[in-house]
Amino acid sequence: MSRQQNNRAGRQIRGPQSALTDFLASHNISANQIRLDADARRRAAEQENGASSSSNQQQVAEDEVGESSTVTTSVTVTTRTSRRKKDQKVIDKIKASKTYQKRKRNAGEDDADDDLLDTLLRERAPLPGQMDNCANCGKRFTVTAYSRNHPDGGLLCSPCGKEMDKDAPPKKKPAKRAATGPVGRRRQIQSKILDGTFQLGAKSLMTLCIETLAKNIDLAEDLGDLPQPVIDKIARKLSKHRLLNPTTLSLFLQPTADEVCIYDGAKLSADDYIRIFQTVPGLKRLKARNAIHFKDEVMDFLVSRKTELEDLYLHGSNLIAEEKWLEFLEKKGKSLQSLRVYWTDKHFGDSALAALPSSCPSLVRLKACHNQKITGEGINHLAQLHHLKHLSIDLRNHVHSDVYVNVLSSIGPNLETFSITREIELDNTVLDAIHNHCRSLQKLRITDSDVMTDEGFARLFTNWENKCLLFVDLQKCRQVDSANPRQNPDNIGLCDRGFKALMAHSGRKIQHLNVHGCRHISAKAFEEVFPSDGKKVYPELKNLEISFCEEVTDFIVGSIFKCCPNLHELNVFGCMKVKSVRVPKGKILVGVPNALGMVIEGVDDDEE
């Protein structure tokens, strides 16, 4: 028979009783002691019940009890010795403690040393993996590193620990500490640059006061008679830090005010928006971003009041039904001069645009962005808004270019702003319509077109009777071909001719220019528009975006700084040839592809 078979047979012969004995011995429990104690309790119970016994039996019982005491003492000494060998490290630690030294001095006897160690070992919390009794329910459980302490001492089992966690107050998370030192300051500066709030030099007194007020907004009771621009800055600051709530909203609701701006209304309820119209009866201009609770009941209350809004700006109010929009336009549209609607899903559509010519005859500004229900049929109705001066469209549905041509041919002469974003299939017919009909444009935005060509842009800006543009955004008007991204045989998008024609027409007055992603503008065209000798000057240009124009180099960036004396910010993200350009003092260069990332203040040109 093999060794494994002998072991298996031995285990079978030993039986469950022997296995129980081994289990008790492994946990320092004497089975013999348990049996003797049980016999002693049983005999004591018989004596209490009046059971008769002879003197001999009593003597035998006393002898057995004596033997039991002797065995108990022997077992206790054996158990104590084994435990002390096993927990020698714990015993050494207890002996080194002040509690042990103090109690030993008070005991004073040699044989009290072991008893004192046993007492301290029992008082000591069991280690993870050992068994202990729950201080609450008394159930025996295995101690882990996550066992909770009972307030009166001892440990709790897992169920009792969970029940105590439910009753305990929630722990406060430690406040995040702002990054300090050079790294923290640089990170804050870069964040302000990307937000467009960075300012060179010391902060103004008004800025410091607004920041102090925002930190202690809970102590403010009233904003007093501050001018509207200052109140607007306070509202922006509170919204940036998510501090605008029903309590702080009351600071901006003055009965004599005619304008309320809410830049983050996520924490406001429908009752809070109703409170705006109740508190400010003469309200003329309302701007609410993230106004998710501006619902039908708010619109019903607005319609029932005598409030005559001239400017309504709603962002994210996608819970207003289309019927409520039509009711509002019918009853309150005559005084409306500006309507800007963002992110309304499918509740602001063609029917609302169709109602504008009759309901809003004085409408001057219209902006509809991220509206999924507006189609070309609704855009066609805008041709009847003869007083419209500012038109901005950002839709999810494709609108044919002929629709925009029809609108431009009707209201183009009065337009000062024309913005069409993310319309991929917009073609040159729209550019020709702008050239033929628009004479008062100041702001032009056409983005993401992969059909318009460089020839169309050149025709638009060549011999155009329109005055100089102040704002031009033609980002991502380029060819989209993943197979041949750098080859553009048809000159799709804004290329050399269109770019040079644009700067020749509007370079003297242009303030903001964005050609982000127009990667087919060559280095030669940039050098011709921004010569290194500085003979061509663009005095009004303050913000220039040329990110992902691959031909831009350090030389071109240096030439741009020479030709644009008042340039404040230049973005060069994705221009991998820009590496070590010298930035003039007071200029901001954003997006340099190196470890620095941003150059805020360089060497003044006069010091060279």
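User: Where do aspartate 232 and arginine 236 lie, and how many residues apart are they?

Analyst: This is a predicted model. Both residues lie in helix α10, which spans residues 228-240. They are 4 residues apart, about one turn of the helix. An α-helix has 3.6 residues a turn, so residues three or four places apart point the same way.

User: What makes aspartate 232 and arginine 236 a salt bridge?

Analyst: The closest N and O atoms are 2.8 Å apart. The cut-off is 4 Å between a side-chain nitrogen of Lys or Arg and a carboxyl oxygen of Asp or Glu. The pair of aspartate 232 and arginine 236 therefore counts as a salt bridge. The structure holds 22 salt bridges.

User: Why is aspartate 232 called buried? And which label does arginine 236 get?

Analyst: Aspartate 232 has 16% relative accessibility. Buried means under 20%, so aspartate 232 counts as buried. Arginine 236 has 44%. Exposed needs over 50%, so arginine 236 counts as partly exposed.

User: What does the salt bridge of aspartate 300 and lysine 324 tie together?

Analyst: The two side chains meet at 2.9 Å, N to O. Aspartate 300 lies in helix α13 and lysine 324 in helix α14 (residues 322-332), so the pair ties together parts that are 24 residues apart in sequence. Aspartate 300 has 31% relative accessibility and so counts as partly exposed.

User: What makes glutamate 308 and lysine 332 count as a salt bridge?

Analyst: Their closest N and O atoms are 4.0 Å apart. The cut-off is within 4 Å, and the pair is listed as a salt bridge. Glutamate 308 lies in the loop between α13 and β5 (311-315), and lysine 332 lies in helix α14, so this pair too ties together parts that are 24 residues apart in sequence. Glutamate 308 is partly exposed at 34%. Lysine 332, at 6%, is under the 20% limit and therefore buried. Salt bridges that share partners also join Asp300, Lys324, Glu327 and Lys331 into one network.

User: How do you know which orientation α19 and α20 have?

Analyst: Their axes cross at roughly 15°. The limit for roughly parallel is under 35 degrees, so α19 and α20 are roughly parallel to each other. The axes come within 7 Å, and the crossing is left-handed. Among the residues that meet are Phe457, Ala458 and Phe461 in α19, and Ala501, Leu502 and His505 in α20.

User: Which residues of helix α12 are buried, and what do they pack against?

Analyst: Ala270, Asp272, Tyr273, Ile274, Ile276 and Phe277 are buried in α12 (residues 270-279). The buried residues pack against α11 (246-249), β3 (259-262), β4 (285-288) and α13 (296-304).

User: Which residues touch the most other members in the largest nonpolar core?

Analyst: Leu339, Ile379, Ile434 and Phe530 do, in a core of 125 residues. Isoleucine 434 touches residues including Leu408, Phe418, Leu441 and Trp464, not counting residues up to four places away in sequence. A second, separate core has 7 residues, including Cys134, Leu155, Leu156 and Cys160.

User: Are asparagine 290 and histidine 370 buried or partly exposed?

Analyst: Asparagine 290 has a relative accessible area of 28%, so it is partly exposed. Histidine 370 has 13%, under the 20% limit, and therefore counts as buried.

Key: Residues numbered from 1 in each chain as written. Predicted model: local features only at pLDDT ≥ 70, side-chain atom pairs only at ≥ 80, totals over all residues. Heavy atoms only, no water. Buried < 20%, exposed > 50% of the residue type's maximum accessible area, 1.4 Å probe, protein only. Helix = DSSP H or I, 4+ residues; strand = E, 2+ residues; numbered from the N terminus. Contact = heavy atoms within 4.5 Å. Core = buried A, V, L, I, M, F, W, Y, C linked by side-chain atoms within 4.5 Å. Axes fitted to C-alpha atoms, helices over the stretch in contact; angles between N-to-C directions. Parallel < 35°, antiparallel > 145°, perpendicular 65-115°, else oblique. Left-handed = near helix turned anticlockwise from the far one by under 90°.
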